[in-house]
Amino acid sequence: MQKKVWLESLKVIYPVTLGFIPIGFACGMVLYDAGFSPLAISVMSFLVYAGASQFMVASMIVMGATVPAMIVMTFFLNLRHALMSSSLSTYLKKSSKPFLFLFGHSLADESYAVNYNQFLNHKWDAEHAMATTLIPYFVWGISATIGGLVGTQISINTTIMNYVLIAMFICLLVMQFVSPLFIFVGLLSGVLSVGLMILLHHNIALVIAAIVASIVGFLLDEYVLPRRVKKEQVGEVK
């Protein structure tokens with residue numbers, strides 16, 4: 001992969017990469033406090049590569065959860081990655097299987113959002129997508145490892161993670177607002193998320209809200225809006 005590809009990819013993914021540094025650092029410290037060695041933190045960060053799951057596992061260990069329970073919870077929490085990978089497969093049809101394996105393994109919510117936006121609105125190819133995915137992947141693994149190494153020496157308030165994550169996702173969300181329909185779907189998803197969280201008191205509410213809002217957006221884009229445009233065109237003719 002050429003240096004130019006890495007630099008162009010870094011140009012679009014650097015906000016995510018900067019956000020991964022403090023979060024990965026904090027994740028390493030939390031895992032160290034939960035009993036993980038720095039080596040185990042490094043292996044886990046590169047093999048699992050799922051920040052939310054890694055924080056969840058640390059909490060479950062503290063609560064005395066079993067290994068099967070942690071594996072099952074991690075599986076369901078990251079099940080959305082299968083959906084994200086499949087939505088990008090349209091743009092990666094000519095890629096080899098090893099390429100797709102590495103791309104799918106290193107894909108995260110943030111790199112998916114950036115790549116999807118780039119494929120939709122810019123001239124983007126598989127090499128740029130891979131570089132955009134690998135940069136935050138390695139930054140996360142290295143940051144978490146460093147966090148585990150210095151976990152006994154430095155104490156930070158991990159509450160700051162909540163603000164860093166929210167700021168990063170707001171930035172990624174705004175990048176998707178390319179039309180009034182996208183803005184509507186974003187707002188609908190937010191309202192549904194709040195309402196369902198109040199009712200269900202579980203993170204599955206976020207997944208349900210995203211799916212429902214996406215379906216509503218699809219139906220509007222495929223059926224409602226085209227008919228409205230057609231009626232307006234007929235009205236102009238008359």
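Mentor: A contact, in what follows, means heavy atoms within 4.5 Å. The model is predicted: local features need pLDDT of at least 70 and side-chain atom pairs count only at pLDDT 80 or more, while totals for chains, interfaces and linings use all residues. Residues are numbered from 1 along each chain as its sequence is written, and side-chain values use heavy atoms, with hydrogens and water left out.

Trainee: Of the contacts in the protein chain with a separation of 6 or more, what percentage is accounted for by residues 24 or more positions apart?

Mentor: Helices (H or I, at least four residues) and strands (E, at least two) are DSSP runs, numbered from the N terminus. The secondary structure of the protein chain comes to 11 helices and zero strands. For contacts with a separation of 6 or more, the share from residues 24 or more positions apart is 74%.

Trainee: How many of the 13 residues of α7 are buried?

Mentor: Buried means under 20% relative accessible area, exposed over 50%, and partly exposed in between (1.4 Å probe, protein chains only). The buried residues of α7 include Asp109, Tyr112, Val114 and Phe119. Helix α7 is largely enclosed by the rest of the structure, because the number of its residues that are buried is 10.

Trainee: Which residues does Thr145 touch, not counting residues up to four places away in sequence?

Mentor: Thr145 lies in helix α8. Thr145 has a relative accessible area of 16%, so it counts as buried. Leaving out residues up to four places away in sequence, the residues that Thr145 touches are Pro38, Ile41 and Ser42.

Trainee: What is the relative accessible area of Tyr49?

Mentor: Tyr49 is placed in the loop between α2 and α3. Most residues other than glycine have a negative phi. Phi of Tyr49, however, is a positive value, near 45°. Tyr49 is also buried, because its relative accessible area is 5%.

Trainee: What distance separates the C-alpha atoms of Gly151 and Ala26?

Mentor: Gly151 is found in the loop between α8 and α9 (160-175), and it counts as buried at 13% relative accessibility. Not counting residues up to four places away in sequence, Gly151 touches Met29 and Tyr32. Gly151 and Ala26 are 125 residues apart along the chain, and the separation of their C-alpha atoms is 8.7 Å.
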